[in-house]
Amino acid sequence: MDRYSLHEEVSSMENGHASKKEMNGKTPQNVSSPIMRKESDPVLVSSVRFQMLGSFLANLQEVVLGTKLAVLFPAIPLAIVADFYSFGRPWLFALSLLGLTPLAERVSFLTEQIAYYTGPTVGGLLNATCGNATELIIALFALYQNKILVLKYSLLGSILSNLLLVLGSSLLFGGLANLRKEQRYDRKQADVNALLLLLGLLCHLLPLMFRYALGEGIATAHYTLQLSRASSIVMLIAYIAYIVFQLKTHRQLFESQEEVDEEEEEKAVIGFWSAFSWLVGMTLIIALLSEYVVGTIEAASDSWGISVSFISIILLPIVGNAAEHAGSIIFAFKNKLDISLGVALGSATQISMFVVPLCVVVGWIMHVHMDLDFSLLETGSLAFAIIITAFTLQDGTSHYMKGVVLFLCYIVIAACFFVHKIPQSQLTIGKPFTGVFAA
């Protein structure tokens with residue numbers, strides 16, 4: 001029995017097949033996941049006599065062993081053991097960070113599998129929501145523990161890494177691999193993402209300029225918080241409009257990003273309910289590891305002698321999005337820059353216009369003072385990254401020199417935050433969490 005007939009048998013027991021027409025429910029930031037996948041061995045499942053056990057083993061092979069990052073899965077039980085036996089907190093931080101790496105890639109894979117059955121619109125919405133699930137869960141735990149600066153740093157780092165590190169590396173290696181070819185991409189979808197990023201930047205700049213205009217004080221902090229909440233609602237409205245624009249009214253602008261190899265998209269490899277169950281389970285594990293990461297970040301900073309800002313802005317995004325970053329670079333190698341741009345810009349836009357304002361709104365509900373004022377150094381770095389990225393992508397062509405400049409910009413910003421030390425006491429600010437319905 002070959003691999004695909006085996007999967008047809010397993011998935012038909014659960015929910016039938018999805019037609020090829022329904023397999024386009026992806027958003028750009030999720031198309032890189034097939035790069036990290038590997039063929040599973042059907043021998044184990046084909047020898048199992050019981051149908052249910054065979055189905056479980058087939059799904060286990062696809063979900064757990066079907067990624068090149070499977071070697072990192074042992075870090076998850078090791079992190080749980082380290083927490084249970086109260087091992088060194090820096091070890092707990094490192095193991096949790098390693099465990100999050102394959103989980104982030106597998107969540108992308110599972111949402112894609114669900115999209116095969118739900119159709120393009122629902123699947124696209126699901127992928128748009130879960131595209132940065134790891135960053136969102138880490139952010140919500142930081143919000144819950146009232147570590148506002150850690151929260152802001154991690155979200156800022158995700159945007160910077162996508163715009164400068166991922167995009168820069170993709171343009172650099174793609175240009176070197178295609179020296180004799182002119183690399184081109186569709187400017188239209190890049191322009192849409194750039195406009196949204198600039199709108200998000202404006203919403204970050206206004207609270208900062210407002211605070212500097214009025215000076216420090218209780219009244220200023222109050223009005224800055226109110227302005228941030230109003231701006232966050234505007235950002236969420238803009239993101240909803242972007243989803244409609246991307247999935248419905250102007251879908252043709254993004255279709256080139258979905259041209260992945262046909263053999264990788266012929267059919268779903270696991271059933272709908274299996275994918276949903278695995279997605280719920282892995283989300284719970286991500287939540288557990290995210291709690292470990294947020295709770296031990298200061299201990300890791302003290303033990304390693306590295307600033308919390310560097311760990312949050314540089315290390316967390318690199319490790320959490322390793323699979324996505326690798327996929328973007330490999331697509332650039334294959335001269336598929338539209339996909340690489342979709343991965344980098346789509347993910348940055350999602351963090352900026354969805355995850356950041358969502359955290360402000362959730363903080364509003366939790367009575368935690370989360371605002372859009374990311375301070376001068378952080379906001380300045382964000383502004384520079386967005387502007388230089390917009391200039392880089394304005395002509396629709398690429399070469400390795402553009403990648404060199406973006407990559408070096410990221411190195412300089414990383415060096416800045418490496419020497420940027422802040423007192424531990426400032427990591428937890430704002431009103432403590434007292435419950436959703438607290439006064």
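Before the first number, one definition: a helix axis here is a line fitted to C-alpha atoms over the stretch in contact, and the angle between two axes runs from 0 to 180 degrees between N-to-C directions. The model on the screen is predicted.

I'll start with helix 4 and its two partners. Helix 4 covers residues 75–84, and its buried residues are Ala75, Ile76, Ala79 and Ala82. Looking down the axis of helix 4, these buried residues fall within an arc of 125 degrees, so they line one face of the helix. What do the buried residues of helix 4 pack against? They pack against helix 5, residues 89–118, and helix 11, residues 272–304.

Take helix 5 now. The axes of helix 4 and helix 5 are 8 Å apart, and the packing angle is about 150 degrees. Angles over 145 count as roughly antiparallel, so helix 4 is roughly antiparallel to helix 5. The crossing of these two helices is left-handed. On the helix 4 side, the contact involves Ala75, Ile76, Leu78, Ala79, Ala82 and Asp83. On the helix 5 side, the residues are Leu92, Leu95, Ser96, Leu98, Gly99 and Leu103. Sorted by class, this contact has nine nonpolar residues, two polar and one charged.

Next, helix 11. Its axis and that of helix 4 come within 11 Å, crossing at roughly 50 degrees. Helix 4 is therefore oblique to helix 11. Here too the crossing is left-handed. Helix 4 brings Ile76, Ala79, Ile80 and Asp83 to this contact, where they meet Ile285, Leu288, Leu289 and Tyr292 of helix 11. By class, that gives seven nonpolar residues, no polar ones and one charged.

Helix 4 is followed by serine 86, and the phi of serine 86 is positive, near 55 degrees. That brings me to backbone angles. Most residues other than glycine have a negative phi.

Asparagine 335 has a phi near 65 degrees, a positive value in a residue that is not glycine. Asparagine 335 sits in the loop between helix 13, residues 322–333, and helix 14, residues 337–366. Is asparagine 335 buried, partly exposed or exposed? Buried would need under 20% relative accessible area and exposed over 50%; asparagine 335 is at 28%, so it counts as partly exposed.

Serine 375 also has a positive phi, about 70 degrees, and is not a glycine. Its place is the loop between helix 14 and helix 15, the latter being residues 376–392. With a relative accessible area of 29%, serine 375 is partly exposed.

Last, a residue within a helix. Isoleucine 318 belongs to helix 12, residues 308–320. Its relative accessible area is 30%, so isoleucine 318 is partly exposed. Which residues does isoleucine 318 contact, leaving aside its neighbours within four places in sequence? They are Leu165, His325 and Tyr410. There is also a pairing across the sequence to point out: isoleucine 318 and threonine 101 are 217 residues apart in the chain, while their C-alpha atoms are 9.3 Å apart in space.

Technical notes. Residues are numbered from 1 along each chain as its sequence is written. This is a predicted model: local features need pLDDT of at least 70, side-chain atom pairs count only at pLDDT 80 or more; totals for chains, interfaces and linings use all residues. Side-chain values use heavy atoms; hydrogens and water are left out. Helices (H or I, at least four residues) and strands (E, at least two) are DSSP runs, numbered from the N terminus. Buried means under 20% relative accessible area, exposed over 50%, partly exposed in between (1.4 Å probe, protein chains only). The arc is that of the directions from the helix axis to the C-beta atoms. Contact means heavy atoms within 4.5 Å. Angles under 35 degrees count as roughly parallel, over 145 as roughly antiparallel, 65 to 115 as roughly perpendicular and the rest as oblique. A crossing is left-handed if the near helix is turned anticlockwise from the far one by less than a right angle, and right-handed if clockwise. Ala, Val, Leu, Ile, Met, Phe, Trp, Tyr, Cys and Pro count as nonpolar, Asp, Glu, Lys and Arg as charged, and the others, Gly among them, as polar.
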